[in-house]
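Please keep the structure in view while going through them.

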Amino acid sequence: MNVQFRDRPEPASSVSVKTAIADCDIHPARATATELYPYLAKRWHEHLETYGKHAYQGMMEGPPFPKAQPNASRRDAYPPEGGPQGSSLSFMQKQHLDPNNVALGVLNPLNTGQGIRNHDLAAAICSAINDWQIDKWTAKDSRLKASVVVSNEDGVAAAAEIRKRAGDANFVQVLLLSRNVEPLGQRRYWPIYQAAEEAGLPVGIHAFGYGGNPITASGWPSYYIEEMVGHSQCQQTALASLVLEGVFERYPKLKMVMIEAGFGWAPSLAWRLDKNFERLHSEVPYLKRKPSEYISDHIWWTTQPMEDPDSRDHLLELIEWIGWDKLLFATDYPHWDYDDPSRVMPAGVSDANREAFYLGNAKKLYGLA
Amino acid sequence: MTSPIAGGVDCDLHPAVPHLTSLLPYLNDYWRDQVTTRGMIDLISQSYPVNSPISARPDWRPAQRKPGSNLEDMKRQALDPHRVSYGICNPLYGVQMVFSEDMADAFCRALNDWLKKEWLDKDARLRGSIVIPVQSVEKSVAEIERCAQDKRFVQVLMLVMGDMPLGKRHYWPIYAAAERLGLPIGIHAGSNYHNPPTSVGWGSYHIEDYVAQAQAFQTQLTSLIVEGVFARHPSLKMVMLESGFTWLPAYLWRLHKFWRGVRMETPWVDRAPLEIVRSNIRFSLQPVDAPPDPATLNRLFDHMQSDQLLLFSTDYPHWQFDGDNALPEGISPDLVRKIMIDNPHATYPRLKLAAMA
């Protein structure tokens, strides 16, 4: 998965004969710090330059857990014209979209207005990011689709932003991160789910985020690897909260995508929820079905970083437990832990399952079939 | 149903302290006076509310008193029917909750002495875990050394959710003392509630906290492995108690993948995480978070790639299984023997020692 030292030949041509795929987790970046300014009121330019982002976590950009490489991204993904990895459409096309024959690429911008304590600033940056996604990316390459980035801690502002984008074909989902001030099932986030359901947009929950809570139930750990592995535990508890608070009972048409947090933990979490639900149902009487049923009806999973057991059978059994119709292929381009589409799939998978995994499930979920 | 075989070890039993006043005889004058003068109430952790269904199996729930507070009940309901040679007592009384390290120390000492007198002295099968005031490493080490003189204490007990991740160097003197004295570190479900019980904040419900124990075990395992506890203490065993285990294979696949990617960050981790788990980490059997069909469970055992990881436990009096189904259906006689006898003895060397100091 770590491709930093791998010699990559230049793609011979932008015309590919590979089977088309969807990439459900692409991270577009800004080339400069001021690239968003045209989309932000002047007041906010001054505010950002004077006070900064003022987040729920010291040093949002990462130094408390320094990444393994600059911008947590592939060293071979710097665009020739300068700027950080993922900031150039033409280089993304040349390095990733064309050679891998990406027919659908879902953009998940990070480092946005989410996790900022000033909720007005948060909402302004999120809205700016959404305009920027159209201008810089989706209007210029019809394979790319945007996510509605919302001010996560202000449910009312977030719902307004979703309604503003509803029906705009540039957007295919709403984007949240897993780590917020409270677990995602809490009521402060319900307006987001209501607006997403009304707009017919799935809600993607991407690993990461800044809510001020330590990334373990025992305080802050020491290392970047603990943060990286820990995102899967954050995602598990966030999903448990969504199920147990009754979000899927209240919003029965809501679909959610768990992004970049793994999927191997899903069966065990569902079994554990079911077992305890049997005994503790009286505490959450509004739940009408077993937790595992809400999960299998409402949740999709992106694949990267793909579980990588020694035994091919173990991976195939795991996928059977989750369902071939629930996985959405993703590379995480341009991040360092990128999954190469030509290397993740074990042998012995039927053509139908392979097609669903790489493209069909995503097109169907995002309404592009 | 899979029948238990005679001579096994039940690695997770919970004798309950009837009330804080039960510890008064084991406190010195100062602390006895503090408890009474300040009107201290019973230290019931919200991890296991007394009347919660999971706190006691319905047919094990006494008409009065706390579940697990009566030795005769424990014999009749757990020790005798499972025909065990040994049962390891892990008291979950809320002594780690108090913020004063001096008070926590006094309560831990009293709890350990209470366990010895009220339980270990009364049934030769019973063995104990040393509960420590984790906030003070110095006091924890002293309590381990004090209790370890009695060979019936076979383990040191910590909670899975505390003030800091358990791999932090701060805690290492505890692990050095345990390794030196032949005591595994048992890490049990539960929290001192000094941090939110999930890594995304405070949830609303008891069921949410209980489900979240499994994720807390996962982050603690990461911390213990990547901080290098087992590179420093290669013969130290740690036992995850009431942790669940069906999450282990997928968790290790992820940890291993990231370790391969960023191992330059923790170069002292000299073996793959999977190998460290195989040699140093064990799991109590209950709860079995799996569907009831034996086929799936046997696939999970295969995914774990080792038959040495599980230790028999009933989690008495907690409600993890019904009837005689302490062992899951469909497991092989060979695995039953390993889970009930071989693995616990390989984990707890003190079980073989003569009973008294």
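This is a predicted model: local features need pLDDT of at least 70, side-chain atom pairs count only at pLDDT 80 or more; totals for chains, interfaces and linings use all residues.

1. Cysteines. The structure holds zero disulfides over all chains. A disulfide requires two cysteine sulfur atoms within 2.5 Å. In chain A, the cysteine sulfur closest to that of A:Cys234 belongs to A:Cys126 and lies 20 Å away, so the distance is too far for a bond. In chain B, the sulfur of B:Cys11 is likewise too far for a bond, because its closest cysteine sulfur, in B:Cys89, is 11 Å away. A:Cys234 is buried, at 0% relative accessibility, and B:Cys11 is also buried, with a relative accessible area of 0%.

2. A helix in chain A. Helix H8 of chain A covers residues 266-280. From first to last C-alpha it reaches 21 Å, close to the 21 Å expected for its 15 residues. Of these 15 residues, 14 are buried, and H8(A) is thus mostly covered.

3. Extent of the interface. Chain B contributes 73 residues to the contact and chain A contributes 69 residues. Together the two chains bury about 6,000 Å², with 60% of this on carbon and sulfur atoms. On the side of chain B, the residues that lose the most area to chain A are B:Val200, B:Arg254 and B:Lys257, together 14% of what that side buries.

4. Polar features of the interface. There are four salt bridges between chain B and chain A. B:Arg260 and A:Asp308 form a salt bridge through their side chains, at 2.9 Å from N to O. Across the interface, 36 residue pairs are in polar contact.

Key: Residues are numbered from 1 along each chain as its sequence is written. Chains are lettered from A and ligands numbered from 1 in the order in which they are written. Side-chain values use heavy atoms; hydrogens and water are left out. Buried means under 20% relative accessible area, exposed over 50%, partly exposed in between (1.4 Å probe, protein chains only). Helices (H or I, at least four residues) and strands (E, at least two) are DSSP runs, numbered from the N terminus. The expected span of a helix is 1.5 Å times one less than its number of residues. Contact means heavy atoms within 4.5 Å. Buried area is the accessible area (1.4 Å probe) that two parts lose on being put together, summed over both. A polar contact is a pair of N or O atoms within 3.5 Å; within protein, one must be able to donate a hydrogen and the other to accept it, and residues adjacent in sequence count only if both atoms are side-chain atoms.
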